[in-house]
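The sequence and structure are shown first.

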Amino acid sequence: MIRITDTIIKNQPNFWNNCIFHPTDAVEDSWGKRILDRIAKDKSIHTVRVYAMFEDIVYDDGEGNIAFDFRTSDTRLDYLVDSGFDILIAYGMLPKICVENPDVQSAVANGKTRYKGKMLYTSRPTERGHEIWEQTCYEYTKHIVERYGIETVSKWHLHCYNEPDIPGFFLADLPSDSVDPSTVYERAKEYCKLYKGFVNGILKVSDKLRIGGPSLGGKLNFLDYFLKYVKEENLRLDYIALHNYAGVHTKNCDKKGFNVDDWLEEHYRRFEVIKANGFENTELVYDEWGMAMAGFYDVAKCPHYQKRDTEVFSAYYAKLIYELINRNIDISMLMICLSGQHEMVTDFSGFRNFFTLNFIAKPIYSAYVLGSKLYRGLLGYECENKDICVVPTKSDDGKYSILMTYCVDGFSEDALMQEQEIVFDEDIIGKKVRIWCIDKNNNNPYRMYERMGKPEMTDEIIKVLKAEGNIKPISEFVIDGRIRLEFSANATYLVEVM
């Protein structure tokens, strides 16, 4: 039995309906706009993270002067603002004219280049490059404040660079710290110069803006160095940006599998460093998350990534929300990284995104739609089954919305079916109930495709699978008795009492 009390424990802000849209320059394209239009219509995402892409903005005018062209950036941000999103902007990447060696480049993608044939300049900045960087941060910030207004931009999050602790993004000409441990400190030292220029450039525009870093890939000694530097230099750090993929990647996926406990352990390790440096009360943003890294790798690289197409990913997301709330882990935003979107050549290829090649919604997207329906009033509850995670909420006008997921360790598909009765302390007889479900048989296009025998895609099959992916309630009724639900392995339910 699952008992829902009528006692509001606390107001719980929604931190879980946010994303990083990748690649940023897909905002210019019809397929990228189609995704953004859908999530805006469904109200499934509140804040979208994008890159400033300074490499598209900053150039030498041919006479040795630094010039700026904001038109492409304006196209992207205009679309996001007009769609109603709040925005997190990662200031980067390094313009070509900033670096010592423009031949040192990185793709950080499955292919030989990034989207549209672009590359990252990852060499060490020159002395003049640091001056250009600070000037760029100032000019870009000044431009977006003038264009969108300080009232709007002050609601956004601005942070310095992306994963500067990872060779693929910064100082790619240096070996990994796994080969030479000292290089992590060299990267940290160089990044801190960028962060100081970033802070100085932004604060010349306004002290009302929300600024942070380092958008950490995962190197804790890098984080420690950065936080010590910020404290010593007395620099503004309004929030700390981190990434967390539970330490799961293609090489260890067979051994580790998928487990929310791994994600939480990674968090606690990061927070120990944060607390040790006296930043435990600083806002914390996970501006990238997933149940495994390498979002641009598919099932050809790791067969286990097929679970990104199934009910396992939606159950993982629901359980992660539950655990973060239940453990009182205070984060302001959790942002799923929608990478691999431009790498797809087939449907159900195991990339870390919301929609397949033919725009079939995956269970993870349906889970985001359900998560967006939760209210701020977090209720108490009792549940006799420890493997069922319950997030019960209530609106100011008395509506209930309860998110539940059933999963055992490792999200095993062999977990036994569980039948549960949902009871309320409040008398709900005569009220309308709506039940949503994501499991192997409901709102799950990949499982339907499996049952079809994985045929060659046709227009008719795509139409049927799209309809399956467009989440809808499995039942609606006026309550005249009890509510009973059958939980199969990794099933996720949302129960609404209207």
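This is a predicted model: local features need pLDDT of at least 70, side-chain atom pairs count only at pLDDT 80 or more; totals for chains, interfaces and linings use all residues.

Ile422 and Ile483 stand opposite each other, the latter residue belonging to β20. The strands concerned are β17, which spans residues 418-424, and β20; they run antiparallel and are joined by five bridges.

## The sheet as a whole

This pair belongs to an open sheet of nine strands with mixed pairing. The strand order is β19-β18-β21-β16-β15-β14-β1-β17-β20. The edge positions are held by β19 (475-478) and β20 (483-487); each has a single partner strand, so one side of each lacks a neighbour in the sheet. From one strand to the next, the twist averages 25°.

## Helices on the sheet

Helix α9, formed by residues 311-326, packs on the sheet. Its contacts are with β1 (2-11), β14 (377-383), β15 (388-394), β16 (400-406), β18 (432-438) and β21 (491-497). The direction of α9 makes about 65° with that of β15.

Helix α10, comprising residues 363-371, lies across β16, β18 and β21. Relative to β18, helix α10 runs at about 155°. Strands β16, β18 and β21 are also among those touched by α9.

## Cis peptide bonds

The bond between Gly92 and Met93 is a cis peptide, with omega at about -5°. Met93 is located in the loop that connects β6 (86-91) with β7 (105-106).

A cis peptide bond also leads from Gly213 to Pro214, where omega is near 0°. Pro214 is part of a strand, namely β10, which covers residues 211-216.

Which value does phi take at Ala294, a residue other than glycine? It is positive, near 60°. Ala294 is placed in the loop between β12 (283-289) and α9. Is Ala294 buried or exposed? Its relative accessibility is 17%, and because the limit for a buried residue is under 20%, Ala294 counts as buried.

Asn328, likewise not a glycine, has a positive phi of about 55°. Asn328 lies in the loop from α9 to β13 (333-338). With a relative accessibility of 58%, Asn328 counts as exposed, since that class begins over 50%.

Conventions:
Residues are numbered from 1 along each chain as its sequence is written. Side-chain values use heavy atoms; hydrogens and water are left out. Two strands pair if DSSP finds at least two bridges between them. Helices (H or I, at least four residues) and strands (E, at least two) are DSSP runs, numbered from the N terminus. Axes are lines fitted to C-alpha atoms, for helices over the stretch in contact, and angles run from 0 to 180 degrees between N-to-C directions. Contact means heavy atoms within 4.5 Å. Buried means under 20% relative accessible area, exposed over 50%, partly exposed in between (1.4 Å probe, protein chains only).
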